[in-house]
Amino acid sequence: MKIWGIIREAFTFSDLSRGERIGLALLLGAIAVFPWVVKDGFARTVAVQFLYYAMLGLSWNFIGGYGGQIDLGGAKNVGFGAYGVALPMVLWDWPFWLGLPIGVAFAVLESLVLGLGLLRLRGHYFAIGTLAVALVWEELFVYSEWTRGARGLLLPFKRAPDYLYMQLTPVGFHYFIAALFVFSLLWLNWFRRSKLGYQLRAIREDEDAAASLGINVLAAKVKAYCISSVVAALGGAFYAVYYGFIDPDSVMHLDLSIMIAMTALVGGAGVLWGPIVGAAVLIPLDRYLGAWFGGGGILGMDFLIYAVIIMLLAAYQPKGVAGLIEALVLWRLKATGRSTAGLRAVGGR
Amino acid sequence: MDVVLDIGISGVLMGLVYALLALGLTVIFGIMDTVNFAHGEFLMLGMYAGYLTYAYLYPEPLAGVPVAGLVGMLLGVLAYTLLVKRLLSGPPIAQIFGTFGLMLFLRYGALAVFGPNLRSATQGLVVAKRLVVGGLTLDAAKVVAAAGSAFLFGLVYLMLRRTKLGLALQATAANREAARYMGIDTDRMNLIGWALGGATAGMAGALLVNFYYVSPTVGMVFSMITFTTVALGGFGSVPGALIAGILVGLIEVFTAQVISPQLKLAVIYTVFFLVVLFRPRGLLGAR
Amino acid sequence: MLRVRRWIRTIAAVLGLIVFVGTLPSAAQETVKIGVILPLSGPLAPTGQELRRGYELMVDIVNNVYPELAALGLEVAGWNGIPSLGGAKIEPIFADSRGEPAVGADMARRLILEQGVVGLMGAYQSSVTQTVATVAERHGIPLVNSDSSSPTLTTLGYEWFWRVTPHDMIFDDDLFNLLDGLVEGKAPGVPAVPKDSIRRLAVVVENTEFGSATGNDIVNRLAPERGYEVVEYMRYQANSPDLTSETARLVNSGADVYLFASYVSDAILFMRTLALRGAKPTLIWGQNAGFTNPDFVQALGPALHGVLTRSLFIAKIGEVRPIAAAINELYRQRYGTNLSEESAREMLGVLAWAHALNNAGSTNPRALQRALNELDIPGDQLITPWQGIKFGSRRPGEKNQNIYATGMIGQYQYNPETGGVTLEIVYPFEAATADMVFPFPGWD
């Protein structure tokens, strides 16, 4: 059975180094026990935020990391997923599970149609094209009366936990996003060793060479772009029920697109665990800086610190934390006089 | 007919202002293939330089233009030597995020230093003055800004075409490696490009003070439209930026008039998207 | 190698800082903590700062004795903390929403779960208040709102949400009462005007939540109900770089009355562009927000002569309300400006909290819920000309709305002698502090 092969592949992490496998296991274990160990409410919301952004970062990795196509419009797919759930729920009282496929299907369809055009562009031009597309979508959602424009959608409030409408307890939401996160992680893990994954890496290294090897460059890119949109739309659907309120500003804005790409950059683009580490660094930093400095003292202090970190990282270690670790390992091997020839690149690039 | 002429002219005036904002960005991009996300913040600091000159030194916003030009130039030089130079050795994504970080830094730095208030110039030669030409009423401040834009475009264009430095800059833009073999110090060219880009952004900011408010977040208002203008005109093309600026100004006013004021940005972005798609190098793309 | 070592050191320093800040001891114990969520950074930061001052001053008045205010009859000025709680001081804990609904909700969770606040206030933008209210509802913590005006908020059936301030529909009613009053000759110093001189309306609103709510209410409900004609309903892009064509459209619509709902940046641009075009409607009215912002007044000065704005608080009210005058004076000494609508409305919110806490005699959420439901503060305790603060329903489906809340309409009037611009009260007519300038004199 082919499907079993895919599932087995998705659970195979044998090409990662031992340290990486231990790290992943520890992370998954920590996510599983988190709500039972940490009782601090704010830390829990930060954990949910972390999983949400890590998931979006993973979605970016399909096209941006492994494909090398810098997507600056990821937020539109989050928006489609969120509106797909929220709009039918508000208009016709549809449960979460009916709205979810609508949002995801729309995201895939849109990515397919526009991707066929956009993905002919290269480098900066693709990045700027995605930016423009996302901006148009945001403006259209603000304009449309049907989506209630900039006023946004307030989801019906259920007093008791409700699994049809996915209104859960804080612990319930934690496991909900954790499940989505693990699903995305497994998908990306399958993807990076699939034929498609290798094709995209070839395209990232040299598009013309890839084409001359007989790879259908456009088709490969479009496939990855669509997969990426599915994962992002799932994230958006979660966001809608978690906050109970969405508007174009919160699920379709440029800042979100940038943030998605940034999680991958900080952790290491094109590394399986890159976006996870990126989100683990950025989200707690962002939220705690906001919580500590946002309310008083110097205005915008949190953003200032954040900005300095981004600039330092971009200037000194553009490969992100993954690059940092690579440098560390290299340094240790050299210091102990061992050969560096057998060193594997981190994250099963 | 009157309405068409009336808003057509205001579209062209505003378009020239957009073109001026785009000038610095396109010069930088042309020379070194880097998108400066912090450009709107350069503009914002130029506006503060202009406004503070007006408020504390001499109560005439136009007097702030040279000051803002110097401040902008200094900013460009600092940004290049302290940050951008390092980014160049990294992948393209590092450049995008490096200047994005710079944008956040300048915006929130300004918020910390100047506070959140909106400030406006209330007196001056052209502040809130009407200019009546052949039955049409124009905003004198915008006419001055548009004229300043045309003048600076001419200056930069001539500089690029007629001076040795300009030719060296163009050579760097055309082919960095070849330029280096011919003995051009490309690093210095980058620096000059950033100084030039910063200076035009600064002066544009000071010209805006005549009719626009100044606030730490004002860069946000202009940065997307500036970006669009540059892409539309062709990254790195100076005449392209001029034409695209006017085009954006016209699209903006006519969309607001004919379709809906709410959709004016959506239409501009759609045009931008279509141009990027069908002519990725813009209307007058250099390469 | 050096580079790596430098990195390790940097990371260690950042981690150290995080651990250090995280372990700072929390403030003194004998206080009642109220979480206040405001847009302290982001585009609405100027407003956020203004709001914050209102909280701080009123909290100070409740926590310490102010004999001169107590002498005027202000009960809380005589208090030294909440009397029934053994003089416990109110401690406001400010949190920054950045103006984003998601951040607002997370901050609410943090305030409730980590910092143990007994109640919440805020969060200004109605979209943020919605997510914060949902969190408060889920955790059963009272949220007393005094700064969001979306009518929806009090129709959701929430049991832990109370609103002190009037909402937009009440404010819109005030506007049409003023227009009708002009026709009936009730406006101060203006003889009855023919309805045809103010019948044609242009409604210009920014395209986010605040603008569209006001616009829809005027266009769909009030104009048809009261017999006015909307000749232009324009929703424009907020924070536009240029508003020339919008202004041209407005002037060409031939409307008599221009009604705006704009934040400060757009409000400045609209007024400047209209002035340059020499537009001459008979009346210009702004739905607060940008129109009462001090930066708006600073930018336009004398050009504002004759412009009307709705406001919840106008400093001139001090001429009829001594308490308002005294508090305004205190505010002015401390912050250098008059009380604005923003700061004034937050003072009312703190006042409601102080009384509710005192009546409850406990910080138990259920007790507070009951105290808020039964709250009845008489009008003489307030700085606004309301009958009082009492929560109930003014419309079908409404709940926990202050039934006595109303707005005011002020008019900017230029005084050639002082060279200054004052906001005079023209509505409610009985509280008017000056004759109304009508029609709008134009900009020449």
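Analyst: What follows goes through the interface of chain A and chain B, and then turns to that of chain C and chain A. The model is a predicted one, and every value below is computed from it.

Where chain A meets chain B, 39 residues of chain A are in contact with 42 residues of chain B, and the two chains bury about 3700 Å² between them, with carbon and sulfur atoms accounting for 86% of that area. Three residues, A:His124, A:Tyr125 and A:Met311, supply 17% of the area that chain A buries against chain B, which is more than any other three residues give. The count of salt bridges between chain A and chain B is zero, and zero residue pairs in polar contact are found across this interface when both residues must have pLDDT 80 or more. On the side of chain A that touches chain B, at least two residues each come from α5 (96-118), α6 (123-143), α12 (254-267) and α14 (301-316) of chain A. Of these helices, α6(A) gives the largest share, 13 residues. By class, this side of chain A has 34 nonpolar, four polar and one charged residues.

Turning to chain C and chain A, 45 residues of chain C are in contact with 43 residues of chain A, and the area buried between these chains is about 3900 Å², of which 63% comes from carbon and sulfur atoms. One salt bridge is found across this interface, and it joins the side chains of C:Arg235 and A:Glu145, with a distance of 2.8 Å from N to O. The count of residue pairs in polar contact between chain C and chain A, both residues at pLDDT 80 or more, is five. The elements that give two or more residues to the side of chain C that touches chain A are the helices α1 (2-22), α2 (45-63), α4 (101-114), α5 (126-139) and α7 (209-226), together with strand β2 (89-96), of chain C. The residues on this side of chain C divide into 17 nonpolar, 13 polar and 15 charged.

Within chain C, strand β7 (residues 229-236) holds C:Glu232. This glutamate counts as buried because its relative accessibility is 11%, under the 20% cut-off. The side chains of C:Glu232 and C:Arg249 are joined by a polar contact of 3.2 Å. Leaving aside residues up to four places away in sequence, C:Glu232 touches C:Leu201, C:Ala202, C:Val203, C:Arg249 and C:Ser253.

How values were computed: Residues are numbered from 1 along each chain as its sequence is written. Chains are lettered from A and ligands numbered from 1 in the order in which they are written. This is a predicted model: local features need pLDDT of at least 70, side-chain atom pairs count only at pLDDT 80 or more; totals for chains, interfaces and linings use all residues. Side-chain values use heavy atoms; hydrogens and water are left out. Contact means heavy atoms within 4.5 Å. Buried area is the accessible area (1.4 Å probe) that two parts lose on being put together, summed over both. A salt bridge is a side-chain nitrogen of Lys or Arg within 4 Å of a carboxyl oxygen of Asp or Glu. A polar contact is a pair of N or O atoms within 3.5 Å; within protein, one must be able to donate a hydrogen and the other to accept it, and residues adjacent in sequence count only if both atoms are side-chain atoms. Helices (H or I, at least four residues) and strands (E, at least two) are DSSP runs, numbered from the N terminus. Ala, Val, Leu, Ile, Met, Phe, Trp, Tyr, Cys and Pro count as nonpolar, Asp, Glu, Lys and Arg as charged, and the others, Gly among them, as polar. Buried means under 20% relative accessible area, exposed over 50%, partly exposed in between (1.4 Å probe, protein chains only).
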